[in-house]
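These are my notebook entries on one structure.

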Amino acid sequence: MELDPLLLSRIQFAFVVSFHAIFPVFTIGLASYIAVLEGLAFKTENPVWIKLSAFWTKVFAVVFGMGVVSGIVMSFQFGTNWSNFAQASANFLGPVLSYEVVTAFFLEAAFLGVLLFGRDKVPAGVHLFAAIMVATGTFISSFWILSANSWMQTPAGTELRDGVFYVTSWSEALFNPSFPYRFAHMGLASFLTGGFVVAGVSAWYLLRGREVEANKKALSMCLWLLLFIAPAQAVLGDFHGLNTLEHQPTKVAAMEGNWETSRNVPLLLFAIPDQENQRNLFEIGIPSLASFILTHEWDGEVPGVSAVPVEEQPPVAIVFWSFRIMVGIGFLMIGFAVAGLVLRAGGRYWRTNWFLQGMRFMSIAPFFAVLTGWFVTEVGRAPWLVYGQMTQAEALTPSLTGGMALFTLIGYIVVYALVFSAGVYYLMRVLYVGLEDRHDEDEHEAERPKRPFSAAHVPLEPEEGEISGNTAGQGAH
């Protein structure tokens with residue numbers, strides 16, 4: 001059987017991007033959280049904030065390193081697997097990717113050293129400034145990367161002449177029609193990811209009775225953040241969907257599992273898309289709701305997948321189910337954020353075992369939401385690499401063979417498995433030590449509870465100073 005270099009190259013790029021994407025989306029949110037902790041430590045000189053910041057900075061350093069290692073090879077793939085695209089888009093993507101390195105990566109790398117090793121070596125204000133610069137660098141990096149990706153989704157400010165894209169307006173190319181929505185959507189996703197991870201780890205420590213006061217503050221801060229960010233992401237997602245409907249109607253049709261352009265389109269909760277016959281084998285839906293969500297009219301017209309030729313249609317099943325998983329996780333996030341608000345009465349949010357256990361498992365949910373969201377974005381664009389202007393087949397390296405693509409794909413899987421295993425190992429070491437240093441850990445090992453933490457381990461009434469401590473934590477957000 002002959003190996004298809006196009007299919008293997010798509011799988012390879014999907015694997016590398018999916019592996020890499022989970023790290024930046026976490027570090028962007030975590031860097032901002034660390035900057036807030038450093039600000040609180042600078043203002044109050046409360047050692048609890050310093051402990052939290054020092055701990056999460058260690059986690060940030062490990063994840064940042066994994067993100068750098070996994071991200072470097074992505075740009076190489078443009079030359080090895082997609083040389084036609086690299087040559088055609090060089091006038092735009094070349095400078096943009098260079099700006100990302102010069103303005104963001106160097107900024108993060110330089111100030112991360114100060115943040116990691118300078119706490120007792122530089123003034124507190126300088127250390128706070130380093131934290132702010134690292135957080136700023138992560139957003140600058142996402143600006144350039146998402147601008148480049150959004151241009152591939154909704155190209156603007158360029159014209160294609162003789163197979164080469166020429167920039168006619170840098171402002172229109174950088175701030176293309178989908179960029180504002182995509183940038184804001186990813187920014188909120190980063191805060192959600194960072195918030196749920198910090199909340200989940202804090203819940204795990206609370207269940208074990210470790211550093212209760214510090215982790216209670218961390219959990220409280222994150223729950224306030226999530227209470228506002230999770231619903232805001234749903235609203236922003238609606239605006240993003242309307243923008244996608246305007247510029248990429250076929251993608252939206254695939255998301256909705258709608259084959260024929262029609263009115264009063266139901267919102268499908270479940271369906272089995274049959275792309276070969278251009279229909280759904282089985283479906284369960286809410287009448288007219290898709291029309292209302294997308295057009296804000298109950299009888300609004302929704303485009304169908306079959307409005308374009310079969311060769312221009314994306315894989316509908318992947319887009320359809322990825323979208324539903326993403327939305328389902330989003331509603332689950334909102335549910336836990338609201339539950340945290342309800343449980344605040346009497347301080348139950350850090351004493352209720354089922355809630356803490358749930359937050360533990362929710363710490364990985366944002367990563368699945370991000371991945372399925374990327375599947376919707378990237379698979380839904382197929383077969384276009386630059387939407388409406390260059391297909392994936394046209395962008396492929398002409399000399400690439402199926403054997404070469406398979407060899408590099410296997411190589412990436414093996415290397416990334418090693419990188420991920422090493423990264424997880426060091427993260428587990430950091431989490432095991434926790435907020436305590438080695439000396440404190442050995443000294444108090446015998447005092448730790450040997451069974452899961454529960455309401456029985458703490459007084460029913462808040463201790464003296466607890467209310468003011470919670471207020472400080474809540475006021476941070």
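Entry 1, helix H6. I began with burial and found that 23 of the 29 residues of H6 are buried, so H6 is largely enclosed by the rest of the structure. Buried means under 20% relative accessible area, exposed over 50%, and partly exposed in between, with a 1.4 Å probe and protein chains only. Helices (H or I, at least four residues) and strands (E, at least two) are DSSP runs, numbered from the N terminus. I noted that this is a predicted model, in which local features need pLDDT of at least 70 and side-chain atom pairs count only at pLDDT 80 or more, while totals for chains, interfaces and linings use all residues. Residues are numbered from 1 along each chain as its sequence is written, and side-chain values use heavy atoms, with hydrogens and water left out.

I then checked the length of H6. From first C-alpha to last, H6 reaches 41 Å, close to the 42 Å expected at 1.5 Å a residue; the expected span is 1.5 Å times one less than the number of residues. After H6 comes Gly209, with a positive phi near 70°.

Entry 2, H1 against H6. How do two packed helices get described? By the angle between their axes and the distance between the axes. For helix H1 (residues 5-44) and helix H6 (residues 179-207), the axes come within 7 Å and cross at roughly 70°. Axes are lines fitted to C-alpha atoms, for helices over the stretch in contact, and angles run from 0 to 180 degrees between N-to-C directions. H1 and H6 are therefore roughly perpendicular to each other, a label for angles of 65 to 115 degrees; under 35 is roughly parallel, over 145 roughly antiparallel and the rest oblique.

I listed the residues that meet: among them are Phe26, Leu30 and Tyr33 in H1, and Met186, Phe191 and Val197 in H6. Contact means heavy atoms within 4.5 Å. The residues of this contact of H1 with H6 divide into ten nonpolar, five polar and no charged. Ala, Val, Leu, Ile, Met, Phe, Trp, Tyr, Cys and Pro count as nonpolar, Asp, Glu, Lys and Arg as charged, and the others, Gly among them, as polar.

I looked up two residues here. Asn258 has its place between helix H8 (249-256) and strand E3 (267-274), and Arg263 lies in the loop between H8 and E3. Which is buried or exposed? Asn258 counts as buried at 10% relative accessibility, whereas Arg263, at 48%, counts as partly exposed.

The side chain of Asn258 reaches the backbone oxygen of Pro303 at 3.0 Å. That is a polar contact: a pair of N or O atoms within 3.5 Å, where within protein one must be able to donate a hydrogen and the other to accept it, and residues adjacent in sequence count only if both atoms are side-chain atoms. The side chain of Arg263 reaches the backbone oxygen of Asp299 at 3.0 Å. Leaving out residues up to four places away in sequence, Arg263 touches Ser291, Asp299, Gly300 and Glu301.

The peptide bond from Ala382 to Pro383 is cis, with omega near 5°. Ser288 is not a glycine, yet has a positive phi of about 65°. Ser288 is buried, with a relative accessible area of 15%.
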